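Here are my notes on the model. Please read them with the structure open.

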Amino acid sequence: MTPTLPADLRELISDLSGIVSDYPYVDPESTLAVLADDAAEALGRDATPEGRRERTGYTILLHATCWYVSARVFSKSVFASYIRALEGFRAQLDRDACTCPAGAHPT
């Protein structure tokens, strides 16, 4: 069964949709700062399958919005928050623990 997203996450995804299509209807800087902060908090919830799915979702969202941060947001703190979150996710990756078939991931 697919879990239902809470209303606040559905709203965040809607806000991010406007940002990635370059037609934000909310303040992009504060929305992206919230995203990066939420992603950083998810780093501590990696011991469960839900935590791993959450990290995967945040990784996708950070990647999808990073172009906006680098091109349209002039806040060094938001940029630094993105870097911290993504570096934290990368540090938690363990290639040896991956259950995907050999050769399934690019080198």
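The points below cover a helix, one of its contacts, an aromatic pair and a pocket.

1. Ground rules. This is a predicted model, where local features need pLDDT of at least 70, side-chain atom pairs count only at pLDDT 80 or more, and totals for chains, interfaces and linings use all residues. Residues are numbered from 1 along each chain as its sequence is written, and side-chain values use heavy atoms, with hydrogens and water left out.

2. Helix α1. Helices here are DSSP runs (H or I, at least four residues), numbered from the N terminus. α1 covers residues 7–20, 14 residues in total. From first C-alpha to last it reaches 20 Å, close to the 20 Å expected at 1.5 Å a residue. The expected span is 1.5 Å times one less than the number of residues. After α1 comes D22, with a positive phi near 65°.

3. Buried face of α1. L12, D15, L16, G18 and I19 are buried in α1. Buried means under 20% relative accessible area, exposed over 50%, and partly exposed in between (1.4 Å probe, protein chains only). Down the axis of α1, the buried residues fall within an arc of 155°, so they line one face of the helix. The arc is taken from the directions from the helix axis to the C-beta atoms. As background, an α-helix has 3.6 residues a turn, so residues three or four places apart point the same way. The cover over these buried residues includes α2 (28–42) and α3 (49–72).

4. T31. This residue sits in helix α2. T31 is buried, at 9% relative accessibility. Leaving out residues up to four places away in sequence, T31 touches L12, D15, L16, I19 and V26. Contact means heavy atoms within 4.5 Å.

5. Aromatic pair. Rings of Phe, Tyr and Trp (its six-membered ring) pair if their centres lie within 6.5 Å; planes under 30 degrees apart count as stacked, over 60 as edge-to-face and the rest as tilted. The count by this rule is 1 aromatic pair. W67 and Y68 form it, edge-to-face, at 5.4 Å centre to centre and 75° between the planes. W67 is partly exposed at 33% relative accessibility, whereas Y68 is buried at 6%.

6. Second largest pocket. It holds about 460 Å³ of space. Its lining has 13 residues, and the closest to its centre are L5, L9, R53, E54 and G57. α1 and α3 are the elements that give two or more residues to this lining. The largest share, 6 residues, comes from α3. A pocket is an open set of points on a 1 Å grid over the protein atoms alone, where a 1.4 Å probe fits, with protein on both sides within 12 Å along at least five of seven lines; lining residues have an atom within 4 Å of a point. Grid points are joined across faces, edges and corners, and the volume is the space filled by probe spheres set on the points.
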